[in-house]
Amino acid sequence: MPTPDHTPDRPAPVNTIGAGGRSHLVRWLTGPHDYAWIVDHHSMRSLRSSIRAVFAGNTLLMAVCSALLLRSPDGPQGTVARTVALVVMAVQAAAIVLIVLAPMPTTQRRARNYFVGFGVFGDVGLTLILVLYSPVVHAIGCALFVINSALCTYFVSSRWLLAHLAWAAAVIGYALWRVDDAHLFDPYAVAAGGLVLLAAVCGVPIAAHIAWNRLSIDAQQSLVDPLTGLRNRRGIEVSVEPLWERASRDGLAIAAVVVDIDDFKRVNDTHGHVAGDDVLRSLARRMRDILGGDAVAGRTGGEEFTVVLCGTPHEVTRFVDLLPRRLTDAGDAVPVTVSVGATVIGAPRDRDYPEALESAMRDADARMYTAKRAGGGQSSTAEI
């Protein structure tokens, strides 16, 4: 349930409009990475099964290669080396099971641990296998770092990507040294092969990550109302589903809430549109202060805001009842009141999404007008 001292763990999108290449590069290197966005993005939520399949397939490929080379003369030699290879394969098999069965993380911290953990696991596991092989197989096997680089490009921050690339470059360098030390090829052939490996593993991912980072920022900004910093209508539509899923899973109620500023035309006519914009920004800040991670809020009209929140039926009803007073401050430069309409869905699991939510939104909008006709500055709530 939203609380005043609870803020979402997702960082706000950074406005880079008009920023030059250098400033964007600095932001790429030093800025926050929104791991939760990767999972919650509207184009990614339907691909969660595909993401699992990619991660599991990557791990399976490495395990299969390890198993094949165990039977090769160029594979691990000796009891200790073969035991290490078998242990790594067993861990890879367990990882595949966890990837397939464990739910995708939805919070910033858990998503970071999930994606970074997989990257570290892939790099360390691959390295442990490669160093057990003959120099040539070690060098050829370094091509598998391309797969890890591709995954890091889409799922981890720039700092973790650079850490992965540094690790991969070190392993490739060690492989080239082993090949050269064994005098299997002339130094020029070794250098040429090494440059190709480094370009494939380390060169392309950096450019791709920078481009992907910029596209991700632009995509996030397309879901945000530029005046208030809250979500816009599209942003709400693509952000509500995880909240609905949580309410259904945990047996919570979900409420559709419509908030409208009373007599806002008077504010613009009397004080001007600049003052009107200040009122909207002030209300948005107040809304962010009282809402937490269990709510999605946005500006969906000129002076209309929409909130979707979950909690127990008593909690959400109590919250809505207090909302007109909590969003009003007589000390504002231009004091305003708000009318609130809400529809509480007591058992989301028994209803079809998104039809049930759309119906609740329409009812909440009608109830907002009921509160407005009753004099404004109050709420009207119903439970279905």
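Helices (H or I, at least four residues) and strands (E, at least two) are DSSP runs, numbered from the N terminus. The model is predicted: local features need pLDDT of at least 70, side-chain atom pairs count only at pLDDT 80 or more, and totals for chains, interfaces and linings use all residues. Residues are numbered from 1 along each chain as its sequence is written, and side-chain values use heavy atoms, with hydrogens and water left out.

**Exercise 1.** Determine which helix gives the most to the nonpolar patch.

*Solution.* Step 1: H5 gives the most, with 3 residues. Step 2: the patch on the surface consists of Val 80, Val 84, Val 120, Val 124, Leu 128, Trp 160 and Trp 167, which together have about 600 Å² of accessible area. Two or more residues come from each of helix H4 (79-101), helix H5 (108-130) and helix H8 (158-181). Step 3: Val 84, found in helix H4, has a relative accessible area of 31% and is therefore partly exposed. Here buried means under 20% relative accessible area, exposed over 50%, and partly exposed in between (1.4 Å probe, protein chains only).

**Exercise 2.** State the strand order of the open sheet and identify its edges.

*Solution.* Step 1: strands pair if DSSP finds at least two bridges between them. The 5 strands follow the order S2-S3-S1-S4-S5, with mixed pairing. Step 2: strand S2 (295-299) and strand S5 (379-383) each have a single partner strand, so one side of each is left without a neighbour in the sheet. Step 3: S1 (residues 253-261) and S3 (residues 304-311) are antiparallel over 8 bridges, and Asp 260 stands opposite Glu 304 in S3.

**Exercise 3.** Describe the pairing and the burial of S4.

*Solution.* Step 1: S4 runs antiparallel to S1, joined by 8 bridges; Val 259 stands opposite Val 340 in S4. Step 2: S4 and S5 run parallel, with 5 bridges, and Thr 381 in S5 is the bridge partner of Ala 342. Step 3: 8 of the 8 residues of S4 are buried, so S4 is largely enclosed by the rest of the structure. Step 4: in a regular strand the side chains alternate between the two faces of the sheet. Val 338, Val 340, Ala 342 and Val 344 point one way from S4, whereas Ser 339, Gly 341, Thr 343 and Ile 345 point the other way.

Note on methods:
Patches are made of residues with over 30% relative accessible area and no salt bridge: like charges are joined within 9 Å, nonpolar side chains (Val, Leu, Ile, Met, Phe, Trp, Tyr) within 5 Å. Accessible areas come from the Shrake-Rupley method with a 1.4 Å probe; for residues, only the protein chains shown count as cover. A salt bridge is a side-chain nitrogen of Lys or Arg within 4 Å of a carboxyl oxygen of Asp or Glu.
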